[in-house]
Amino acid sequence: MPRLQEIHANLVDRLQEARDQGWLGEVAAIETTMAAAVQKLAAMRDWAAQPSTVHLGMPDFRTSAGRRTTDSGDNYSN
């Protein structure tokens, strides 16, 4: 993200130079590139603001071990 911010700042300088020189095609190209950079920076900020951990819950080992919680009776008495 810092590199993209640096690129955006450079584009601002280049845009001003292109306007001063009357390079209309360059102005349009820089404006398009700046819009994409702004959009990408916004997406990066949104992504960075999201929690970095995900709650996956607790697995239910009883069902995977072949036991059910509704079993009645003692299967181990002999």
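This is a chat about the predicted model shown above.

Visitor: Okay, how many helices and strands does the protein chain have?
Guide: The chain has three helices and zero strands. Along the sequence that gives the pattern α-α-α.

Visitor: And how much of the chain counts as buried?
Guide: Of its 78 residues, 13% are buried. The accessible surface is about 6900 Å², and carbon and sulfur atoms make up 54% of that.

Visitor: Which residues of α1 are buried?
Guide: Those are L4, H8, L11, L15 and A18. They cover an arc of only 85° around the axis, so they fall on the same side of α1.

Visitor: Why would residues a few places apart point the same way?
Guide: An α-helix has 3.6 residues a turn, so residues three or four places apart point the same way.

Visitor: What do the buried residues of α1 pack against?
Guide: They pack against α2, residues 24-49. On the face turned away from the buried side, α1 carries the exposed residues P2, R3, D13 and D20.

Visitor: What comes after α1?
Guide: G22 follows α1, and its phi is positive, near 75°.

Visitor: Switching to charges: how many salt bridges does the structure hold?
Guide: Three. One of them pairs E6 with R3, with the closest N and O atoms 2.9 Å apart. E6 and R3 are three residues apart in α1, so about one helical turn separates them.

Visitor: Is R3 buried or exposed?
Guide: Exposed, at 53% relative accessible area, where the cut-off is over 50%.

Visitor: What about E26 and R14?
Guide: Their side chains meet in a salt bridge, 3.0 Å from N to O. E26 is in α2 and R14 is in α1, so the pair ties together parts that are twelve residues apart in sequence. E26 is partly exposed at 33%, and R14 is partly exposed at 38%.

Visitor: And which residue does R19 meet in a salt bridge?
Guide: R19 meets E31, at 2.8 Å from N to O. With E31 in α2 and R19 in α1, this pair also ties together parts twelve residues apart in sequence. E31 is partly exposed at 37%, as is R19 at 46%.

Visitor: Last one: where does V12 lie?
Guide: V12 lies in α1, residues 2-21, and is partly exposed at 39%. V12 and E31 are 19 residues apart in sequence, with their C-alpha atoms 8.9 Å apart in space.

Note on methods:
Residues numbered from 1 in each chain as written. Predicted model: local features only at pLDDT ≥ 70, side-chain atom pairs only at ≥ 80, totals over all residues. Heavy atoms only, no water. Helix = DSSP H or I, 4+ residues; strand = E, 2+ residues; numbered from the N terminus. Buried < 20%, exposed > 50% of the residue type's maximum accessible area, 1.4 Å probe, protein only. Areas by Shrake-Rupley, 256 points an atom, 1.4 Å probe, with all protein chains shown as cover. Arc of directions from axis to C-beta. Contact = heavy atoms within 4.5 Å. Salt bridge = Lys/Arg side-chain N within 4 Å of Asp/Glu carboxyl O.
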